[in-house]
Amino acid sequence: MRKWNAVLSMCIIVLFLVHAIAGGFQLMGLIPGGSALLGILAWVMLVLILKHAIIGIKLTADSLTASRKSGASYFKDNKLFWARRISGFAIFVFILFHVLLFLGKNDGVYRLNYFGVLQLAAQFLLVLSVAAHVITNINPLLISFGLKRLKEYAVDILIVISGILLFIGVSFVIYYIRWNVL
């Protein structure tokens, strides 16, 4: 089950990067929005995220059952474990806000929803929770794929993902300015 979760995670990361880059350019107004292909990719990513969440919930339940049986939870020693679970739950909550915000179809016609300060804050929290989740999980993900020189790959991957997350944050700010100033 862990190997399937690793494969799901890698697919989610790839789809997320495509979605984030294309969506960023759309938010900035550099490419037109409403692409059917990007919409399909987003829904596929959402299904994969749900499967990933279900596996994560199952693995968490197994861990809690094992700790209860042993009589020692070692909560303080497992802070990274809980950071991964909490950031994953935060992503799930903020994805719901993201989908509701950008799912703007009405009678088959695409309509943008209002994008104010609260919406901007929710999108930043999504970006931050994705960053926290990726940072805390990149090493186990690379290990599950058998990469030996872990630190070398992890730093390169984190630099690329950090740059893309910065791009997404800037895109949301530009979109906010386009909605409220221009």
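In this predicted model, helix α2 is followed by Gly71, a residue whose phi is positive, near 85°. Several of its side chains are tucked away: Leu38, Met45, Leu46, Leu48, Ile49, Ile55, Leu59 and Thr60 are buried. Helices α1 and α3 (79-102) are among the elements that cover these buried residues of α2.

Together with Trp4, Val7, Val14, Val18, Phe145 and Leu147, Met10 makes a nonpolar surface patch of about 590 Å².

Aromatic rings are a further theme, with nine aromatic pairs found across the whole structure. In one of them, the ring centres of Phe81 and Trp82 are 5.0 Å apart and the planes stand at 90°, so this pair is edge-to-face. Phe81 has a relative accessible area of 18% and counts as buried because the cut-off is 20%, whereas Trp82, at 23%, is partly exposed.

Another pair, Phe115 with Phe172, is stacked, with 6.3 Å centre to centre and 15° between the planes. This pair links distant parts of the chain, 57 residues apart: Phe115 sits in the loop between β2 (109-110) and α4 (117-144), and Phe172 in helix α5 (residues 150-180). Both Phe115 and Phe172 are buried. Ring pairs also join these two residues with Phe102 and Tyr175 into a cluster.

Notes
Residues are numbered from 1 along each chain as its sequence is written. This is a predicted model: local features need pLDDT of at least 70, side-chain atom pairs count only at pLDDT 80 or more; totals for chains, interfaces and linings use all residues. Side-chain values use heavy atoms; hydrogens and water are left out. Patches are made of residues with over 30% relative accessible area and no salt bridge: like charges are joined within 9 Å, nonpolar side chains (Val, Leu, Ile, Met, Phe, Trp, Tyr) within 5 Å. Accessible areas come from the Shrake-Rupley method with a 1.4 Å probe; for residues, only the protein chains shown count as cover. A salt bridge is a side-chain nitrogen of Lys or Arg within 4 Å of a carboxyl oxygen of Asp or Glu. Buried means under 20% relative accessible area, exposed over 50%, partly exposed in between (1.4 Å probe, protein chains only). Helices (H or I, at least four residues) and strands (E, at least two) are DSSP runs, numbered from the N terminus. Contact means heavy atoms within 4.5 Å. Rings of Phe, Tyr and Trp (its six-membered ring) pair if their centres lie within 6.5 Å; planes under 30 degrees apart count as stacked, over 60 as edge-to-face and the rest as tilted.
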